[in-house]
Amino acid sequence: MAVRVVTVNRVAKLTWVERLYLPMILKGLWVTSRHFFRNLWGFATGRSEAFVVQYPEERVDFADAFRGMPVLVARGDGLPRCVACGLCEFACPTDCIRIVPGELPDDAVERTPRSFTIDMARCMFCGLCEESCPEEAIVMSREVEIATFTRDAMLYEKEHLLVPEALLERRLGFLRAEYGRERAPAAPRDGA
Amino acid sequence: MSTGPRLRLPGERKDGAQPDLHAEHQILNMGPSHPATHGTVKFLIELDGESIVDLDVQVGYVHRGFEKECESRSWYQCIPYTDRLNYNSAILCNLGFCMAVEKLLEIETPERCQWLRVLAGEISRLGDHLTRCGASCLELQAMTPFLYGIEARELVWDLQEMLCGARVTTNYVRIGGVKHDLPEGFAAAAGDLLAKVRSLLRDFDAVVTRNRIFVDRLKDTGVLSKEDCIRHAVTGPVLRAAGVPLDLRKDEPYLVYDQLDFDVPVGTVGDNYDRYLVCVEEMQQSLRIVEQCVDRLGALGPGPVDVDDPRVRWPAKGRVFEGMEELIQQFKSVTEGPKVPAGEGYLAIESANGELGFYLVSDGSQRPVKVRCRPPSFLNLQPLPLMVRGAMLADLIPTFDFLNMIGGECDR
Amino acid sequence: MDDCASPLLRRLLDTHGSALHATHARLGDATAIVKPPALLEVMGFLRDEPGLEFDMLLDLTAVDHLGEEPRFEMVYHLYSLARNHRLRIKARLPESEPVVASLTGLWASADWMEREVFDLYGIRFEGHPDLRRILLDESFEGHPLRKDHPKAARRPPVEPRQA
C-alpha cells in the first residue's frame, strides 16, 4: 500500500484544432446529443433512464435508512407506545419536543403522554430521539412533505403524530436489524 | 505654451474641461447574495475600469453561533450541529469532531468502524469536489457540465442516503463508533455508482478540460504562490495546486489511510486551472479509495462497529429492551451524556477544503467548555484579495469558486 | 509540570526557559504556556529557528475561563511544513486588560483569526493593521463567546443603512 505524489497533467498549450473553437463545440455537442438521444430513446421505449423525477406525479423511493419527520408509534388499540419517560426531550439538540406526562390507571404501562408536541419548524431530523427511545415509540418516518402556510401549523400534536405500527414496518424493520449487533470492547488508544 | 487649436480627446468638452476617463476609482458592492458566487459573502471591490484595485471580503452572513451553541449542549448533541458546518461534506465534519472527542477520551474504535468512516468520508469528499467543479462551470456560463456534475453528486448523495439516512445532514459518525453498519446491497449500489460517476466524469472532462473558453478563463488567473499559501495557512486542494504535497491523509495518516493505495495530486503553477485539475484527480482517487473500502469491508465480514463502553456510546438498542441494567445505562447515558475527561486536544483531518481541525477543551463535565472548529474555508478565503488584485473583475468569479468557500463552515 | 518528552519543548525550554510558565505534552500535543510579554519573541524564534521552522500558523483562538484569573487564554496551533511537526502555544491574559501582541507581522494567516477573536472575545491585538469585527455586525454590543454573555440574548434586527 502506498501513497504517491503525482503532478497533474497540465495542458501546456492547446493544439491548433482546439484553438479553433469549432471542433471543440462539435465535440461538446456530440457529448450532449448522446445524452439527449439516450434519454429520448428511453422515453420512447418506456425504459427511461433520465435523472429527473416528475414530482409530484412520480416519487422517489427513499433508502431504508432514510430519516423523515419523527412520528409516534401507535399500539393496536390506538394509544401511543410512548410512556412519557422524557428521554427524547433530553436527547433533542434543538429542544423541539415537549411532553406532558399523564396517568393510564387501567393499563399495564401506567404512563402515557397527556400531550406530546414536536415543533417541526425546529426539528432538524437528526434522529437522536429515535436513538434514545427505550420503547421504540418515536421513530423517523418517511414523510418529508410538511410545508405549511403558518408557523403555528408546524406544531404537531400527539393526534397528528400517531401512526399505526403497520405503516411504519419498513423503518421498524430497519431499526430491528441493528438491534442484535455486538459491540467491541473499548480498546485504549495507541500510545496513550 | 501654445494656445492654438488642437484635437479634442474623445468626450472632452468644447470648453476644454478634461474628460473624466479612468480618473476616479469606482466602488462596487458584490453580494452578499449574488448569482455568480456560491456562498454568501460580500465583496467591496475598488475598481479601476474593469480591473480590481482592491478588495475587501466581508464574511459572517451565515454566522449562527456554532461554538456558543455547542458550549450549551452535551458532547453527543454537538454531532448534528457539525453537519451544518459544511453541507457538501457533512460526514467529514462529523468525523473530525468525533475523532477529536475520542482523542480526549483516549479510545480507539474497532477496525470495521474505521473502514466505514473512511468510506463515508471519501463519498462525502467526492460530493464536495463535484459541487465545486460543477458549480464553478455554471458560474462560468457552462450549464451542461454543471448538470453532469450535479447528477453525479445526486448519485453520490443517493449512496450517502443509503448509508446514513440523509442526503445532506448525515449525522452518521458517533463518538466511539458510527450510527449503523452498511445496509444490505451496499456493495452492489456502490459498484453501480462508481461506474456511473466515472462515465459522467468522462463526459465532464470531454466538455470542459480542453475547451478553449474554459482554459482561457482559468489559466493564470487567481495565482497564489507557494510562499503566499504557506504564509496564509492555506490548505487543501488550493495549497496542493500550488505544488505543496501536504495532505494529512498522507502526512499524518489517521484511521486506516496508511493501508490504502491512492495518489496525492499536486499542481505546478497554483492558478485556477491547477485547482480544477487537482480536484478532478482527487475525485478519481476518492473513487479508488471507495472501491478499496468496499472490498475490504466485504473481506472483513460482519463485526462490531462501536465500542462497548456505556461511558461513551449509548448501549446497543436490542439490549436496552431486554436488560434492566442496559435500560438504566441508557437513561444515564442520554440524560448525562458522555463525560469527557478534563483536558484539551486538537485533532485535524483532511476535509475536502483542507485541514479541518477541532480544538476541544473539557472540564470533565458533560458539556464542552470550548469547541473550536478550524475552518478551512475561512483561511482559504483570506488571501483572495491577493489573488485578484490587478486582475479583471470577471476573474474574481472562477477564483472565488475554486476556493469553494462554504458559508456554514466559514462563518460558523 | 515540565514535560520534556518532546524534543521541541526541550529546545524551547533551553533557549527561552524564562519566558515560559509551563510545558506539557498531554495526549501527544506538545504545549508551551508562554508569558504574554514574551509571546512575539518566542513566536519569532519558533518561526525562524532552523530545525523548528514553524512556517504555518494553522489556528488561533481563545478560551474564556470565567472565574479564574487570568481569565482569557490565547491558543495558537503551529505547524511546520518542512519538518511535519506541530506545537501549541498558549498565553493567559488578565480580564482587566485583555491585550496581546498581534502576530500579523509573522504570519499573514493571523489577520482574520485575530479579528475573529477580537469580535467574539473582545481581546485586543496590539499592532494589528485593521482590527474590526469580522463575523458580527459593527453595531453588535458585547462579545458573544465570553461565558458571561447570555446565550438567549436577543437584539433587534439591524436597520437598513441609509444611503
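User: Hi! I'm new to this one. Is Val75(C) buried or exposed?
Analyst: Welcome! Val75(C) is buried, with a relative accessible area of 0%. Keep in mind that this is a predicted model.

User: Why does 0% count as buried?
Analyst: Because buried means under 20% relative accessible area, and Val75(C) has 0%.

User: Which strand does Val75(C) lie in?
Analyst: Val75(C) is part of strand 4 of chain C, which covers residues 72-80.

User: And what is Val75(C) in contact with, leaving aside its neighbours within four places in sequence?
Analyst: From chain B there is Tyr359(B). From chain C there are Asp59(C), Leu60(C), Thr61(C), Val63(C), Arg88(C), Ile89(C) and Lys90(C).

User: How far is Val75(C) from Arg11(C)?
Analyst: Their C-alpha atoms are separated by 20 Å, and the two residues are 64 apart along the chain.

User: Let's switch to chains A and B. How many residues are in contact there?
Analyst: On the chain B side, 82 residues are in contact with 63 residues of chain A.

User: What area do chain B and chain A bury between them?
Analyst: About 6,400 Å², with 58% of it on carbon and sulfur atoms.

User: How many salt bridges are found across that interface?
Analyst: The rule finds four salt bridges between chain B and chain A. Arg4(A) forms a salt bridge with Asp263(B), where the closest N and O atoms are 2.9 Å apart.

User: Which part of chain B gives the most to the side that touches chain A?
Analyst: That is helix 5 of chain B (residues 143-164), with eight residues. By class, the side of chain B that touches chain A has 37 nonpolar, 15 polar and 30 charged residues.

User: What about strands, how many bridges join strand 1 of chain A to strand 7 of chain B?
Analyst: Five bridges join them, and the two strands run parallel.

User: What does Pro144(C) touch, not counting residues up to four places away in sequence?
Analyst: Pro144(C) touches Lys68(B), plus Asp119(C), Leu120(C), Leu136(C) and His149(C). As for Tyr121(C), 23 residues away in sequence, the C-alpha to C-alpha distance from Pro144(C) is 6.9 Å.

Methods. Residues numbered from 1 in each chain as written. Chains lettered and ligands numbered in written order. Predicted model: local features only at pLDDT ≥ 70, side-chain atom pairs only at ≥ 80, totals over all residues. Heavy atoms only, no water. Helix = DSSP H or I, 4+ residues; strand = E, 2+ residues; numbered from the N terminus. Buried < 20%, exposed > 50% of the residue type's maximum accessible area, 1.4 Å probe, protein only. Contact = heavy atoms within 4.5 Å. Buried area = accessible area lost by both parts, 1.4 Å probe. Salt bridge = Lys/Arg side-chain N within 4 Å of Asp/Glu carboxyl O. Nonpolar A, V, L, I, M, F, W, Y, C, P; charged D, E, K, R; others polar. Pairing = 2+ DSSP bridges.
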